[in-house]
Amino acid sequence: MTAASGRTRKDAPLSPSRFAFGGKTKPLSELMFKKYDVDNNGSISCNELRSLCYDLGYYLSDDEIAWAWTVMDKDGSGTIDYNEFTEWWKTSSRFEYLKMPNEQQANRLCRVIEIFRSYDKTNTGTLDRAQFTTMIQDLVEEGILNGSGHLACEFDEIDRSHDKRININELIAWLINIRVLGNDTIEKS
Ligand SMILES: [Ca+2]
Ligand SMILES: [Ca+2]
């Protein structure tokens, strides 16, 4: 009897008031976002991102911050909003994810950007659906994408900002997503 009730007490979940942060089970990403959004404008700035990384033991140089920014600002809006922040925070090795491309990847990325720009005749930094589709075929011809899986890509999913155009950040986010770019991908392929 006493042993049974003892076990019950031990196994019973902690009451919410026993948790930190006043019993509210806020995800850590939200707490981090709020902590580092120092000016409280609902997005993380470059300096705020640098400060967060530094506090967690990763000092990023200007070049590294610029790359990390490109990777995190997945819709190319020029700000890192809470959703983008959370998406990054949830990646298994989040600082590895922000690392600058190695030489092999940098070359591949340069080629991708070169091809992207060749379709962006009016220098808007974006491609429409038709231009994007043709560009994808070029990437397949160059062996950067494979014909079967990658051709079936969903334009509307890649277009995170939902403006019916793909900008370079959206393209990079997609290439990382399908593991064409990224620190643990190219070496193995
Ligand atoms: Ca953004
Ligand atoms: Ca877009």
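**Annotation and helix packing**

An unreviewed UniProt entry places the feature "domain: EF-hand" at residues 24-59, 60-95 and 111-142. Those positions are in the numbering used here, feature names are shortened, and annotations may be inferred rather than shown by experiment.

This is a predicted model: local features need pLDDT of at least 70, side-chain atom pairs count only at pLDDT 80 or more, and totals for chains, interfaces and linings use all residues. Residues are numbered from 1 along each chain as its sequence is written, and chains are lettered from A and ligands numbered from 1 in the order in which they are written.

Residues 60-95 are 58% helix and 6% strand, with end C-alpha atoms 10 Å apart. Helices are DSSP runs of H or I, at least four residues, and strands are runs of E, at least two, numbered from the N terminus. For residues 111-142 the figures are 69% helix, 6% strand and 9 Å.

Now helix 3 (residues 46-55) and helix 4 (residues 62-72): they pack at about 105°, axes 10 Å apart. Axes are lines fitted to C-alpha atoms, for helices over the stretch in contact, and angles run from 0 to 180 degrees between N-to-C directions. Helix 3 and helix 4 are therefore roughly perpendicular; that term covers 65 to 115 degrees, with under 35 roughly parallel, over 145 roughly antiparallel and the rest oblique.

Helix 2 (residues 28-36) and helix 5 (residues 82-89) pack at about 125°, also with axes 10 Å apart. Helix 2 and helix 5 are therefore oblique to each other.
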